[in-house]
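Hi,

Here is the structure I promised to pass on to you. Have a look at it first, and then read on for what I found in it.

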Amino acid sequence: MKIHIPTPLRQYAGKNSTVDVKGGTVAEALANLTAQYDDLRRHLYTDDGKLRAFVNVYVNDEDIRYLQKENTPTKEGDSISIVPSIAGGF
Amino acid sequence: MATIVEKPVVANATPTLNKDEILRYSRHLIMPEVGMEGQLKLKAAKVLCIGAGGLGSPLILYLAAAGVGTLGIVDFDVVDFTNLQRQIIHSTADVGRKKLDSAEQTINEINPFVEVKKFETLLNSENALQLFRDFDVIVDGTDNFPTRYLVNDACVLSGKPNVYGSIFRFEGQASVFATKEGPCYRCLYPEPPPPGLVPSCAEGGVLGILPGLVGVIQATEVVKLILGSGDSLIGRLLLVDALGMKFRELKLRKNPECPVCGTHPTVTKLIDYQQFCGIRGEEQKVTTEAIPQIQPEELKRRLDAGEDIFILDVREPHEYQICNLGGYLIPINDLPKRVNELDSSRQIVAHCKMGGRSAKAVEFLKQAGFKNVLNLAGGINAWSDKVDPKVPKY
């Protein structure tokens with residue numbers, strides 16, 4: 001499956017805009033991602049292992065908060081998006 | 001997926017169009033989607049644009065051209081050279097002028113039928129609700145998190161839609177928040193990121209055309225809200241990737257537990273947004289008491305006296321190419337991996353562009369056991385100001 005990496009985080013993911021991952025749930029897919037790119041971990045997770053509140057994760061076009069959160073099932077062909085808040089406007 | 005349908009924001013359009021206006025808007029009038037009725041709604045509409053910068057420029061230009069009757073603009077900034085790469089409502093001749101005045105002039109030149117209301121003020125919790133009262137639609141073209149949360153909360157509390165757009169480098173987001181049935185910004189992002197984690201345009205850079213793309217998307221959404229036509233971005237987050245030229249869309253839901261727009265709101269008045277976002281001021285030249293510093297003049301004095309000083313440049317390679325002090329380049333994010341290239345017995349002076357990144361570098365090196373490290377206060381920009389004006393600023 002592809003994970004879309006947002007611009008602010010691409011420098012920690014080897015400058016890639018998408019990364020291929022495997023996993024049956026969002027948690028597994030993200031773990032696969034941080035196993036490939038350890039630097040991403042502190043930007044996605046707090047010290048006690050929780051997904052940061054200003055980082056939203058979508059499976060296809062649905063926010064996982066309204067699905068089964070990190071236990072949301074994922075399958076081949078799904079597209080996972082990490083969407084952090086950005087504020088630039090000037 | 002059902003689209004959320006809301007009533008148009010301007011209920012009764014009372015003005016009329018004279019012959020000049022009819023000629024001017026002919027291409028709108030001959031379209032059934034706008035027509036005379038739609039154009040009169042545009043003329044009756046009052047839109048408040050927060051920011052006359054990157055997003056504000058194209059937004060204001062197109063809303064003026066479209067015939068929005070009243071355009072309010074909130075901006076307290078002055079035009080400078082670094083703005084001209086993207087803030088197309090301002091020209092070279094406007095450098096040094098207030099953005100409000102520059103924008104007003106451009107609007108009058110494009111469309112003298114637009115009434116411009118200028119608000120030269122920093123939007124804050126004391127003035128926001130009152131300011132928003134006289135407008136129908138609010139457009140968020142700001143550049144920092146505290147203001148975005150302020151605008152959102154004030155829109156929800158005043159019942160005005162918030163046409164949101166934001167950009168970073170070559171990526172943008174757009175949506176419409178704070179309508180009665182739809183989500184608000186806090187439904188999407190209940191908490192702001194810690195300060196310093198997401199860089200500003202000055203630090204991260206921005207592709208000049210990007211606010212053009214996103215700003216016009218915002219203008220489009222404003223027009224659709226006023227006309228009450230089309231499928232609005234209410235409940236949808238549009239993601240724009242300008243480099244890949246890809247547009248993606250994510251579903252946004254109204255969070256029933258949202259503290260501002262949920263069924264049992266806990267935020268019923270505007271709060272201290274600086275505190276909410278965990279910062280005490282602008283993230284400019286970050287200097288804390290614990291970081292040992294050296295002023296540019298003092299560094300120059302010591303170098304001229306022949307002292308052995310190792311200059312560490314923690315900027316990016318493309319910045320080094322713009323200008324440099326001949327320092328040893330280790331970009332800040334590579335420092336942990338490359339710290340063994342540094343000799344802790346030498347006096348090290350770390351610098352970046354303005355002093356922020358190098359302060360972090362000094363902090364890191366001190367924690368790694370380096371005793372002789374100093375931060376160049378104000379960075380290479382300050383060196384240019386105080387020591388050698390031949391060094392270009394960027």
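Predicted model: local features only at pLDDT ≥ 70, side-chain atom pairs only at ≥ 80, totals over all residues.

In chain B, strands β2 (residues 70-74) and β3 (residues 115-119) run parallel and are joined by five bridges. If you want a spot to start from, go to B:L71: across from it, in β3(B), you'll find B:V116.

Stepping back to chain B as a whole, you'll count 16 helices and 13 strands. Its C-alpha atoms fill a box of roughly 75 × 50 × 40 Å along the principal axes. The chain has 394 residues, and 44% of them count as buried. Take the contacts in chain B with a separation of 6 or more: 69% of those come from residues 24 or more positions apart.

Chain B is also split into domains. Domain 1 covers 19-276, while domain 2 covers 293-386. Going by C-alpha atoms, the centres of these two domains of chain B are separated by 39 Å.

Now for chain A, where I'd look at the sheet. Five strands of chain A make it up, in the order β2-β1-β5-β3-β4; it is an open sheet with mixed pairing. At its edges sit β2 (18-20) and β4 (62-63) of chain A, each of which pairs on one side only. To find the place quickly, pick A:K2, which stands opposite A:D20 in β2(A).

And how do the two chains meet? How many residues does each of chain B and chain A bring to the contact? Chain B brings 34 residues and chain A brings 22 residues. On chain B, the elements giving two or more residues to the side that touches chain A are α7 (145-158), β5 (162-168), β6 (171-177) and β8 (246-251). Of these, β5(B) gives the most, with four residues. As for the make-up of that side of chain B, there are 14 nonpolar residues, twelve polar ones and eight charged ones.

That's what I have for now.

Cheers

Conventions: Residues numbered from 1 in each chain as written. Chains lettered and ligands numbered in written order. Contact = placed C-beta atoms within 7 Å. Nonpolar A, V, L, I, M, F, W, Y, C, P; charged D, E, K, R; others polar. Pairing = 2+ DSSP bridges. Domains from an automatic or database assignment. Buried ≥ 20, exposed ≤ 12 C-beta atoms within 10 Å, placed from the backbone.
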